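Subject: Structure handover

Hello,

Here is the structure for you to look at. My notes follow below it.

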Amino acid sequence: MTEQSTRQTQTTVHRTFSGPLVGRETELAVLRSAVTACTNGVSTVVEITGDPGLGKTRLLSELGELAEAEGLTVLSGRASEFEQQRSFGVFASPIRSCFGRLQESRHGPLDEETAALLELVLPRGSRSGRHGFAEMDRSRLHHALGRLLTVVGQDRGILLCLDDLHWADEGSLELLHYLLRQPPGTPLLLACGLRPRQAAARLRASFRYAVADYRVERLPLSALDRQGCLSLLGATHPPARRDRLCVVSGGNPLYLEVLTELTLDGADPDGSPTDLPDTLRAALAREIASLTGDELSALRAAAVLGDPFDPMMLGQVSGLGHGPALEALDVLAGMDLIRSCGQSGPRHEVRQLLQFRHPLLREIVSRETPPGWFLSANARADEALRASGAGAVERAPFVARSAQAGDLEAVRVLTEAASLTTRSAPAAAATWLRTALRLSPQNPTGEAARQRLEMLLGLARTCGTTGDLVSCREALSEALDLVPGDRRDQRIPVVALRSVIERILGSTKAAKLALKDELARWPKTEAKVNPLRLQLATVGMAQGAFEEAAGHLDTVLALTAPPVDSRILTSVAACRALGAAYSGRTGPMTAYVSEAASAIDRLGELATFLDEVGQLGWAEVLAERHSDAVRHMTSGIRVARRTGQSYMMPYLLLCQSYARQGTGDLAGAVESAADAEETAHLIDRPDLIGYALTLRAAATALREGPAAAADTAERALRPAEHRGRLWELSAAVLASVRLDQGRPDDCIELIRTITGIDRSETTHTLRAMWFCTAAQAEMARGHTAAALGRARQAAEAAEAVSLPGQSGYAALAMACVRIDDPGVAAELFTEAAEFFATSRLVLAESRARVLLGRALVASGRLDEAAAAVGQAKQIADAHGAGHLSALAGNAQRQIGARRPRSAGHFPAHETLSEQERRISQLVSRGLSNRDIASTLFLSPKTVEAHLTRIFRKLDVSSRSALVSVLAELSADQRLAG
């Protein structure tokens, strides 16, 4: 056999998926259904799992053909085992394809986020080198991808195929996680292929957190049965050999085809299924073995450069020079070892990118490359990039693979790359810093010690951004070991930051111990360690040790020489405000909140005060100053994003969501809760994830009804730990959702976990609300005596804090208990509504007025009931509270049904003209006269004249009464029908 024919025979080994797809009829049916669903506007996640060779990639290819035939935009990407340091590698090809499509349809400039996203996924050697892009916060890049998919898929929808996800880099996993929780504004069919036994726990968990917007299909692939194997083999082999191939292949389609090709080449199938991965590698290695020296060098250089790679760099990396490298490349392409990626990128991307035929082929080339040649090739790649003007970010992977211990230039490049990517790709930045630390002196002194300290602090910040807070803590501990014991200026910031990380990890005891150990090093009268005392006070407040915390704050002020630094006053006021809010000391709380708010508003830069901003925000929420909390959280979130302090984001976003719900901004509350869930996932805090889901459930229940919130509420309970203040807030919100769902027993159980006598810590400023919820649940269970006890507890709790909102809940609780006396209940509901109006808890006011309307109906005061319910509906409609609006609408129909029918009343179609009926219907939908005029192309005065006639005909004197009469007439018409 000639060399050329040998090569041609061996190239058939790769054609794993060239034959018919057999034994996957069930899977294909699921894929067809998913494509149809996408064309109908339903987003779907398809998770295809299985061992190598079972056909994951083939199914994704078949899915692409099905989707393309239906007019979907098809985007595909794959991960590589050797590119895990390359951020967003799985999404590189899809993003480039999106930009290519955008440029075909429009020529306007890209916004900053989408331009940064493109810059980060361009192949090495093709980037603009605009380092500012690399520094962009990753959350902005996530949102940019969502917008990009929305624009590209707006016509029909998108199929996004992501293969080999078990090799995905951290940045890609974060993007996938984002898409699973925040679907784009276009139907998306997200198909993912992965090997389950090699998939990281984080990847497996991502699919479990897919939101309800997605339909989820899981396709675990198994081996083909005997009939499937025989169908794939056809009649090429004798029956006995076919049977043997079926047994030895274990039903794996890829192994079966490799064995078939080996048999055709004269080999005899042998071994067992466990030997076949090595057999497959041997078959592929035979292809490589036939290459000449230049061809092998070019292939090795391609493996070094990455997948995909720029062919114009092959000459220098391989050491062959430009011409010989391109000649070798032609041979590799002819043998189908190297393939074109296709023109998927922007039109200005002139160079055609290339890739290996299959990831396994690149794996074999890489593993067979001599280590010395590999190191030299990476050094040549770095030199080529350096000579072309490439920056540290592009050079870092090659430097990391070629540098030796003690190479200070390599350390410089890696630390620069880390500083540039800390925010956009923090996992990669952490890798560069760890490599730089490995290359730098391990027992440094002098300047080398200072540089190592800076790298460790950088690693701590980067790990804090990724959410790897344990590694952050370890880096801080190692950094502290490098700081001399007498260098107070260096030790204090490190210890303070470590205490913050310990608190975020939930280890308040460890934070307290670390702070006390460091304070013991210094004189008790030393003012320069006040930052540690402030942290100790914060820990004390979180633990409920209010007197101890107050003592630390008093010490801080006593040791600070006048005039006291405004920054210290800010920290003290914020800490005291939150402590007073927790403990229910309303008088001091009001003063401290005002003081802290004024101090923070005067600060020019909040970057070093985000802890204080968060404390103030939660204190404002507990003080019923929700609008102020929203304002301060919005400022803090903006600064946290700008400065890369991701570990603070969940704390701030959760407060913003809670405050927005308090103001009635339900859409904003859902948005903030979704962002909080996203950032809590990034730092791997299940308890924060649970609280974020809780807030989403509460807002969703008010917007769309309890049934719509059921799934989110169930998910919120899974990661919850039944302890701490966070659980108090979560349990209280979930209890109200359970009550609305008609599950009073579950509601009571949740309330008991936060109001028991064994509670060592409790948030006093919310207890009246909790007891009110419990009172309503007890009434729903028919336990009037228990409800009365809870109502009295609510009254006591409200009296203790003297907050109007809590007084409203106390009045509401007693009103629900006294419902057997409608007159008394109506007075109490009125009192509750007025308290809620005073505290601007608009949705609580709306609910109270609905209940007031029912009590007034029971008292026979129908006009007053109509006015109360009409006001409730107006509030609900103005804030998008669909559930409350529906409750008010039901109450209006009840009022209409209770009204006495007079002889002068006739059906609406007999008493009102067509125009008057249209105007009446718009009034019942809550439109103003001006809105009605605009809708019907009338003048406002004409609408007023029509309304006057309508009022006279139906014998009503207000818009709310009109709505009630219309509801009654509508009910009569339905009965008559």
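Leu469, Cys472, Arg473, Leu476, Ser477 and Leu480 of α23 meet Arg491, Val494, Val495, Leu497, Arg498, Ile501, Glu502 and Ile504 of α24. Contact means heavy atoms within 4.5 Å. By class, this contact has nine nonpolar, one polar and four charged residues. Ala, Val, Leu, Ile, Met, Phe, Trp, Tyr, Cys and Pro count as nonpolar, Asp, Glu, Lys and Arg as charged, and the others, Gly among them, as polar.

This is a predicted model: local features need pLDDT of at least 70, side-chain atom pairs count only at pLDDT 80 or more, and totals for chains, interfaces and linings use all residues. Residues are numbered from 1 along each chain as its sequence is written, and side-chain values use heavy atoms, with hydrogens and water left out.

Now the geometry. The axes of α23 (residues 469-482) and α24 (residues 488-504) come within 10 Å and cross at roughly 160°. Axes are lines fitted to C-alpha atoms, for helices over the stretch in contact, and angles run from 0 to 180 degrees between N-to-C directions. α23 and α24 are therefore roughly antiparallel (over 145 degrees). Their crossing is left-handed, meaning the near helix is turned anticlockwise from the far one by less than a right angle.

A second pair is α37 (residues 744-755) and α38 (residues 767-780). Their axes come within 9 Å and cross at roughly 150°. That makes α37 roughly antiparallel to α38. α37 passes α38 in a left-handed crossing. Among the contact residues are Ile748 and Ile751 of α37, and Trp770 and Phe771 of α38. The contact divides into ten nonpolar, two polar and two charged residues.

Next, the cores. A nonpolar core is a set of buried Ala, Val, Leu, Ile, Met, Phe, Trp, Tyr and Cys residues joined through side-chain atoms within 4.5 Å. Buried means under 20% relative accessible area (1.4 Å probe, protein chains only). The largest core has 177 residues, and Tyr658 and Phe829 have the most contacts inside it. Helix α28 (residues 566-583) gives the largest share, ten residues. Leaving aside neighbours within four places in sequence, Tyr658 touches residues including Trp618, His626, Tyr691 and Met769. A second, separate core of 40 residues includes Ala116 and Leu180.

Overall, the chain has 49 helices and seven strands. These are DSSP runs (helices H or I, at least four residues; strands E, at least two), numbered from the N terminus. Of its 977 residues, 57% count as buried.

Regards

Technical notes: Angles under 35 degrees count as roughly parallel, over 145 as roughly antiparallel, 65 to 115 as roughly perpendicular and the rest as oblique. Buried means under 20% relative accessible area, exposed over 50%, partly exposed in between (1.4 Å probe, protein chains only).
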